[in-house]
Amino acid sequence: MLLLGEAKELYQQGLQDLHREVADRLTEPPTADLLAAAQTAGMPCDAAQDRAEVILLLALAEWERTPAAMAFIEMAEAAARRGVCLIPEE
């Protein structure tokens, strides 16, 4: 559980770092172009979402293809098959 908790923190930190990079990189394209890119990347989005939300979706799509994210997802799925949940109980 400790390893999974640490991995989850690293996953979220990596996503946050990449989100900042993607936001810096995507200052120029119109929001409509970003929406099209998000849809092409397989991220569910629509015109009602604001630019910041679409940029976050694009960052998530990019992050999920990194080796670190793929390794974490595989670990989390293996843990879930064994009844371990990473979502804290309220």
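What does the accessible surface of the chain come to, and what share of it belongs to carbon and sulfur atoms? After that, please go through the place where helix 1 and helix 3 cross.

Modeller: The model is a predicted one. The accessible surface of the chain comes to about 6,300 Å², and 58% of that belongs to carbon and sulfur atoms. Of the 90 residues, 28% count as buried. The chain has 4 helices and 0 strands, so its elements, read from the N terminus, run α-α-α-α. The C-alpha trace spans about 45 × 25 × 20 Å along its principal axes. Among contacts between residues at least 6 apart in sequence, 59% join residues at least 24 apart.

Now the crossing. Helix 1 covers residues 2-25 and helix 3 covers residues 51-63. Their axes come within 9 Å and cross at roughly 125°. The crossing is right-handed. On the side of helix 1, the contact is made by Tyr11, Gly14, Leu15, Leu18, His19, Val22, Ala23 and Arg25. Helix 3 contributes Ala52, Ile55, Leu56, Ala59, Leu60, Glu62 and Trp63. By class, the residues of this contact divide into 11 nonpolar, 2 polar and 2 charged.

Trp63 lies in helix 3 and is among the residues that make the contact with helix 1. Its relative accessibility is 10%, and because the cut-off for buried is under 20%, Trp63 counts as buried. Leaving out residues up to four places away in sequence, Trp63 touches Tyr11, Gly14, Leu15, Leu18, Ala68 and Ala69. Tyr11, Gly14, Leu15 and Leu18 are also listed for helix 1 in the contact of the two helices. His19, another residue of helix 1 in that contact, is 44 residues from Trp63 in sequence, with 8.5 Å from C-alpha to C-alpha.

Glu9 and Met43 are 34 residues apart in sequence, and their C-alpha atoms are 23 Å apart in space.

Key: Residues are numbered from 1 along each chain as its sequence is written. This is a predicted model: local features need pLDDT of at least 70, side-chain atom pairs count only at pLDDT 80 or more; totals for chains, interfaces and linings use all residues. Side-chain values use heavy atoms; hydrogens and water are left out. Axes are lines fitted to C-alpha atoms, for helices over the stretch in contact, and angles run from 0 to 180 degrees between N-to-C directions. A crossing is left-handed if the near helix is turned anticlockwise from the far one by less than a right angle, and right-handed if clockwise. Contact means heavy atoms within 4.5 Å. Ala, Val, Leu, Ile, Met, Phe, Trp, Tyr, Cys and Pro count as nonpolar, Asp, Glu, Lys and Arg as charged, and the others, Gly among them, as polar. Buried means under 20% relative accessible area, exposed over 50%, partly exposed in between (1.4 Å probe, protein chains only). Accessible areas come from the Shrake-Rupley method with a 1.4 Å probe; for residues, only the protein chains shown count as cover.
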